[in-house]
Amino acid sequence: MKHVKSGILLSTLLFGVSGCTSLPASGPSARAVESNATVKVSSVSSKSNQTAGIDYALVDINAAVLSAFSEMTVKSFEGGFGGGRGGAPVLPLGVGDVVQVSIFESQAGGLFIPADAGSRPGNFVQLPQQTVGRSGSINIPYAGEIQVSGYTEEQVARVIEDRLANRAIEPQAVVTKISARSAQIAVLGDVRNPAKITLTEAGERVLDVLSEAGGLNSPGKETYVTLQRRGRSGTILYDHLVKTPAENIYVVPGDIITVDRERRTYLAFGAAGLNGRFDFEESDLSLGDALGKAGGLLDGRADPAQVMLYRVADKAILAKLGVNVSHFKADTVPVIFRANLRDPSSLFALQKFPMEDKDILYVTNSDSTELVKFLNIVNSVTSTAAGATSDVKSTRDTVRAF
């Protein structure tokens, strides 16, 4: 009878525990991940329309996935602003510039060169320096107010000559820019010497002005360069800027360049050797590198066939892989990439699959680990039940003795 009761107790525990999720765990099981996937791209043909709180796609890592994600999409300065090829941009005069105008006449006795001028270095007069005011103009004697903002020095000189043609003797004008306060850009953020930089006619590119600002204070692989121009903005990774000459475009007056460091990190949970947040530091990481950095798999707990990588991926890339993205309305899709390390060839794939900032690496427990947890609970419950019976008997015997 005692054995029958023990059998009933064990059966009841088995039935009760197997039907719930009360067993301790560090994350979702492989079955839960697969059963709740909205879309699955797997080597095993299966369909499921079940959804969780957040719809996601489950994608097994294979050769097709590697080819799609090895070419990481980056934003572009060249595509967004142009200006990567051809000559340097023209720097017209603008408000705040200081200019000087010299006027030549072919002979003495004209408007600016008196007949009794005597010995002089040349038949010209040099007017006082002028600052281009908010109206964008300067004043020339006998020519009046002349609009110069937005025009080059040569264009302004031609206007002055035309205005003086009926007064001076074959006038020729030379306009010189003394200081170019309107041709400045700002370089801010994580550089050694944030400053306003004055552009020259030679033309400066993005890397030129970053160099003038003293260079970066942070690792290039974790540094982003943002260019703001006329209400538009573009951001690019510094390393990509250095490696792609076409992205090193010319800057123009009024540009604002901001340099920011964004630490690249990923999280590791589950049956990995170490759990927590890990830095990419100054290198790019593959999934294999990230797994090694997190201590690999725990031999006594992990299911090597269920190594999961959580990421929000671009919908267009997934569509190229044949993933049905019609279930997702946004431009990005929550994806769980799954690697099966029981397959020897998958270890090569791990070394080629690139990690991205804010990825989450999760290693599931094996079924045997879950079974051991359950048996420990059963053993604890049955041991407690036997102990309770013994305590009741001892108490009863003590009462009878009195």
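The legends below describe close-up views of a predicted model. Local features need pLDDT of at least 70 and side-chain atom pairs count only at pLDDT 80 or more, while totals for chains, interfaces and linings use all residues. Residues are numbered from 1 along each chain as its sequence is written, and side-chain values use heavy atoms, with hydrogens and water left out.

View 1. Helices (H or I, at least four residues) and strands (E, at least two) are DSSP runs, numbered from the N terminus. H5 has 12 residues and spans 17 Å from its first C-alpha to its last, close to the 16 Å expected at 1.5 Å a residue; the expected span is 1.5 Å times one less than the number of residues. Glu153, Val156, Ala157, Ile160, Glu161 and Leu164 of H5 are buried; buried means under 20% relative accessible area, exposed over 50%, and partly exposed in between (1.4 Å probe, protein chains only). Seen down the axis of H5, these buried residues fall within an arc of 140 degrees, so they line one face of the helix; the arc is that of the directions from the helix axis to the C-beta atoms. They pack against strands E3 (98-104), E6 (137-140), E7 (144-147) and E8 (172-179), where contact means heavy atoms within 4.5 Å.

View 2. A salt bridge is a side-chain nitrogen of Lys or Arg within 4 Å of a carboxyl oxygen of Asp or Glu. Glu161 forms one with Arg158, and the closest N and O atoms are 2.8 Å apart. The two residues are 3 apart in H5 (residues 153-164), which means a separation of about one helical turn. Glu161 is buried at 13% relative accessibility, whereas Arg158 is partly exposed at 39%.

View 3. Ile138 stands opposite Ile146 in E7. The hairpin has 3 residues between its strands, and Tyr142 takes a positive phi near 65 degrees.

View 4. The whole structure holds 14 salt bridges. One of them joins the side chains of Glu222 and Arg261 (2.9 Å, N to O). Glu222 lies in the loop between helix H6 (206-212) and strand E11 (223-229), and Arg261 in strand E13 (residues 256-261), 39 residues apart. Glu222 is buried at 2% relative accessible area, and Arg261 is partly exposed at 43%. Asp255 and Arg229 also meet in a salt bridge (2.7 Å, N to O). Asp255 is in the loop between helix H7 (238-243) and E13, and Arg229 is in E11, so the pair ties together parts 26 residues apart in sequence. Asp255 is buried at 2%, as is Arg229 at 9%.

**View 5. Nonpolar cores.** A nonpolar core is a set of buried Ala, Val, Leu, Ile, Met, Phe, Trp, Tyr and Cys residues joined through side-chain atoms within 4.5 Å. The largest has 39 residues, and those with the most contacts inside it are Phe69, Tyr266, Leu318, Phe337 and Phe353. Another core, of 23 residues, lies apart from it and includes Phe77, Val206, Val209 and Ile257. Not counting residues up to four places away in sequence, Tyr266 touches residues including Phe278, Phe280, Leu285 and Met355.

Conventions. Pairing = 2+ DSSP bridges.
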